[in-house]
Amino acid sequence: MENCRQIKIERPLYEQEQFHYEFEYFKSKKPLLNKLMSSCKDNNPKKILYRTIPAIDWLRHYKWKEYLRPDIVAGFTVAVMHLSQGMAYGMLGNVPPIIGIYTAFFPVLMYILFGTSRHNSLGTFAVVCLMTGKVVLEHSHPSFLDESTTNKTEIMNSDQPFYSPIEVATVVGFMVGVMQLLMYMCHFGTVSNLISDTLVSGFTTGAAVHVFTSQVKELFGYSIPKHKGMFSIINTYVSIFKDISNVNYVTMAISAVTISITVFNNEFLKPRVAKLCSFPVPIELVVVTAGTLISYFCRLNTDHAVRIVGNIPSGLPPPRLPPFALINNIVLDCFIIAIVSYTINLSMALIFAQRVGYEVDADQELLAMGAGNMVGSFFSCLPFTASLSRSSIQYTVGGKTQLASIVSCGILILVLMWIGPYFEPLPRCVLGSVIVVALKGMFLQVRDFWRFWKLSKMDAVIWMVTFVGVVAISIDIGLLVGVIMSLVTIFLLGMKPYTCLLGSVPHTDLYVDIKRYKGAGEVPGLKIFHYQGGINFASRNYFKSELYKLINLDPQKELTYRKKLNKIADMEFQTKSPTTIAKLKQKQDKLQCKSNTSIRCLILDFSALSYVDPAGVSMLKSIEHYFKQLDIPIYIAGCSAPVYEMMIKCELVDLEKYTFRIFPAIHDAVQYATSILYLVKPIFGDSM
């Protein structure tokens, strides 16, 4: 301690009431009317407008000379990615590929107005499209998804209601938007906290397996039946290996070449080009364009039975209402998609906001996504969210604001109006290859499991249970199991908080865990019990059992031991036989070994106590009652103001009878106990 800086403090010994009186403690009581008035002062129409439509605010402060060029470059780059990923992820949703490009246009326009993230690239995303495709598969008429069926007249003449894949997808988008808007109105932006990073990692990794499995048939060029419900991924692989003899070797060769070129670019060419130019090689556009040209001139569809994208309508889709009659059947699926899409978007928005240094409004993001999904549902769009790959590219190439999304939408409108039909000969296996290569980042999240295992075994278990549930059973059930596991973990940790006995550090007023600090020692006659967490109806028994275990004293048993010892002491040994006396002394020795008379005072360190409810206070009263019979006073130290107020409200502290004494710090309680009870004082030295 010779090289340490010295602190010398001289102050009175305080009890809590004395401390409150001297420093004028009071509990703020703000009437409800005053709260409403103060909140209304900050909500003038101008601020409400800027807060509701953030685009007005950032456009007013837009630095045109500094931001315009990087935003244009970022917008063009992202638009190129939208073309390939939009069509590819449209296939994941079991809808025509053009729907993916619609999703990159209409909902994004609403997000530009209402969103608060400057760098998120909104549109299609593999996991959300896959979850939507699951609903489409379950509720659309099978004949629409049967590629061998060319005539839909018999379906339309049927008396029973039927829905096309686009109709199911749009009603899903509508309900997702409704739920997100309801969450916005209820200020449920923090609901995403229920889905931890561990859960998201395990869920998205499992979903990547589903995405890859869905593209195997495209990569090998043969049809297999679509499976739905639980264990669909297992049934799909059974069908894949069962029909492996039907593989199309031309399709497989195209897939292999496309994947090889894309991987070569991403792993070798892209890092080297990045050193020379910030503009990345648009490899997805290159392979899509090359695949379209080769397919057209080599007549791959007619001569080699290579499946192609097919009809792509030009122009914008006419607005139409989703089939609302289907809503009751898809509510649960839509709720899960709403939570997952919002969580992915908010997580990525927070990442980029932290890097650059701006704020993201969680509730406003719900408004932006809800409005985008609702508007998009009237224009044949899938539910949308942020894409990690596109957002990362937008940030890397220097995008500054959502003006990049405006540029991207401007390019996409050209594609929709005039260029789209030129991609009709594009082989579907090329789009499947683009999807598979894009899954690399999600598959590499497997490494997160080992990181979580080193940091927390419980988090690793949550990751693995979620992953296995998603892969082996189904996406929604796996996610539900993961959420339940996370909540159970939180509950268990709350039920068993950290407890320890504290000892004094020589020559200081510090008190630390005696198991972790060998240089600290207990004050003779004193037990200082530290509890970290809350005391409520669920954890009160744990508090009591941990207290009794650590101080090695159960007051009820101790009372029994002492009564028996007193009874033995009161006996007249002169009238007893030597054998009886020997047995009594033996019994007395056993009772004395079990009895604990070394404790003169108990101090409860509540400096880390977050909350106590009436049930917890009742438990503390019962503890005080038993210790009082043992003539062991209980002092409380360091409790926060809300905890102290709850104790006063529940009459735990009787200021007249002094049932409990409360001190602002452990040191005050120790000093008081050693002076009143004439205990041996700890060594404090000159620091005090």
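## Before we start

Residues are numbered from 1 along each chain as its sequence is written, and side-chain values use heavy atoms, with hydrogens and water left out. Because the model is predicted, local features need pLDDT of at least 70 and side-chain atom pairs count only at pLDDT 80 or more, while totals for chains, interfaces and linings use all residues.

Let's begin with helix α7, residues 106–114. (Helices are DSSP runs of H or I with at least four residues, strands are runs of E with at least two, and both are numbered from the N terminus.) Seven of the nine residues in α7 are buried, so this helix is mostly covered. Here, buried means under 20% relative accessible area, exposed means over 50%, and partly exposed is in between, using a 1.4 Å probe and protein chains only. The buried residues are Phe106, Pro107, Val108, Met110, Tyr111, Ile112 and Phe114.

Now for helix α26, with 12 residues (540–551).

## Two helix pairs

Two packed helices are described by the angle between their axes and the distance between the axes. The axes of α8 (residues 126–139) and α11 (residues 165–185) come within 9 Å and cross at roughly 130 degrees. Axes are lines fitted to C-alpha atoms, for helices over the stretch in contact, and angles run from 0 to 180 degrees between N-to-C directions. The two helices are therefore oblique to each other: under 35 degrees counts as roughly parallel, over 145 as roughly antiparallel, 65 to 115 as roughly perpendicular and the rest as oblique. On the α8 side, the contact (heavy atoms within 4.5 Å) is made by Thr132, Val135, Val136 and His139, and on the α11 side by Pro165, Val168, Ala169 and Val172. By class, that is six nonpolar, two polar and no charged residues. Ala, Val, Leu, Ile, Met, Phe, Trp, Tyr, Cys and Pro count as nonpolar, Asp, Glu, Lys and Arg as charged, and the others, Gly among them, as polar.

The axes of α17 (residues 327–356) and α19 come within 11 Å and cross at roughly 15 degrees, so these helices are roughly parallel to each other. Met348, Phe352, Arg355 and Val356 of α17 meet Leu388, Ser391, Ser392 and Tyr395 of α19. This contact has five nonpolar residues, two polar and one charged.

## A few single residues

Thr396 sits in helix α19 (residues 388–396). Is Thr396 buried or exposed? It is exposed, with a relative accessible area of 58%. His119 is 277 residues away along the chain, yet the C-alpha atoms of Thr396 and His119 are separated by 9.8 Å.

Most residues other than glycine have a negative phi. Asn94 is not a glycine but has a positive phi of about 60 degrees. It lies in the loop between α5 (64–92) and α6 (98–103), and is buried at 16% relative accessible area. Phe231, also not a glycine, has a positive phi of about 60 degrees too. This residue is in the loop between α12 and α13 and counts as partly exposed at 42%.

Notes
Expected span 1.5 Å × (residues − 1).
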